[in-house]
Amino acid sequence: MGLRVTRSGVARAPTGGFRALRATAGAPLSIMIRTPRKILAALAVAVALAGLAPALAGPAGAASLSSVTEAGKGKVKVEGKLGKDHVKVNEKVDLKGTLQVLDAARTDQTVETVIVQQLQAGAWVNIADTTCRPNGGFSLRLSFSVSATVSLRLYHPETTLYAAAYSTGTLTLRVG
């Protein structure tokens, strides 16, 4: 066959191709031939399965603990409205909104965070935040230094008392 085995355990064919050598317990070395396309496909599948492995192979009690914790949290709804739909560059616009508790049994007077997120290159990015009490209102003044159409949403992160929530729709602002 004309294979040369190097010190690293890789056999080199006379044509320049590689053939990996594998040793198994009590068995002779066997030659496995793989093309670069098959290797890349196998690598992609392995990476995808490695990402799923923690979710699939987690401890049995973890899933039930997570669902119990989630069930005990109060649900909230966050809404907001822009003062204008068109502003000039660097002009301030008011954003007013409310954070409503949907579970009447949960009306704790804690201070909750509300985050304004902007859609940038396909990802939601935090640009401002404020605090308010549950069943209360909040107000922000925003300005943008570039001329563009801006998509915004409101986000309430998960806390020990309340589940996470996003505003139902996006707020669109034309800056220019």
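Colleague: How many bridges join strand β8 to strand β9?
Modeller: In this predicted model, strand β8 covers residues 112–120 and strand β9 covers residues 123–132, and the two run antiparallel. Within this pairing, Leu119 has Trp124 in β9 as its bridge partner. The number of bridges that join β8 to β9 is 9.

Colleague: Which residue in the turn of the β8 and β9 hairpin has a positive phi?
Modeller: Strands β8 and β9 form a hairpin, and 2 residues lie between them.

Colleague: Which residue in β11 stands opposite Gln117?
Modeller: Besides its pairing with β9, strand β8 pairs with β11 in the antiparallel sense, over 4 bridges. Gln117 falls within the residues 112–120 of β8, and the residue that stands opposite Gln117 in β11 is Arg153.

Colleague: How many salt bridges does the structure hold?
Modeller: Side chains of opposite charge can pair when their charged atoms come close. Among the pairs found here is Glu79 with Lys77, whose closest N and O atoms are 3.3 Å apart. The total that the structure holds is 4.

Colleague: How many residues apart in sequence are the parts that Lys73 and Glu158 tie together?
Modeller: The side chains of Lys73 and Glu158 meet in a salt bridge, with 3.2 Å from N to O. Lys73 lies in the loop between α2 (60–71) and β5 (76–82), whereas Glu158 lies in the loop between β11 (148–156) and β12 (165–166), so the pair ties together parts whose separation in sequence is 85 residues.

Colleague: Is Lys73 buried or exposed?
Modeller: Its salt-bridge partner, Glu158, is partly exposed, with a relative accessible area of 43%. For Lys73 the relative accessible area is 12%, and the cut-off for the buried class is under 20%, so Lys73 counts as buried.

Colleague: Which strands do Asp94 and Arg141 lie in?
Modeller: Asp94 forms a salt bridge with Arg141, and the closest N and O atoms of the two are 3.0 Å apart. The pair ties together parts that are 47 residues apart in sequence, because Asp94 lies in residues 93–101 and Arg141 in residues 136–142, which are strands β7 and β10.

Colleague: What is the relative accessible area of Arg141?
Modeller: Asp94, the partner of Arg141 in the salt bridge, counts as partly exposed at 29% relative accessibility. Arg141 is instead exposed, a class that begins over 50%, and the relative accessible area of Arg141 is 54%.

Key:
Residues are numbered from 1 along each chain as its sequence is written. This is a predicted model: local features need pLDDT of at least 70, side-chain atom pairs count only at pLDDT 80 or more; totals for chains, interfaces and linings use all residues. Side-chain values use heavy atoms; hydrogens and water are left out. Buried means under 20% relative accessible area, exposed over 50%, partly exposed in between (1.4 Å probe, protein chains only). Two strands pair if DSSP finds at least two bridges between them.
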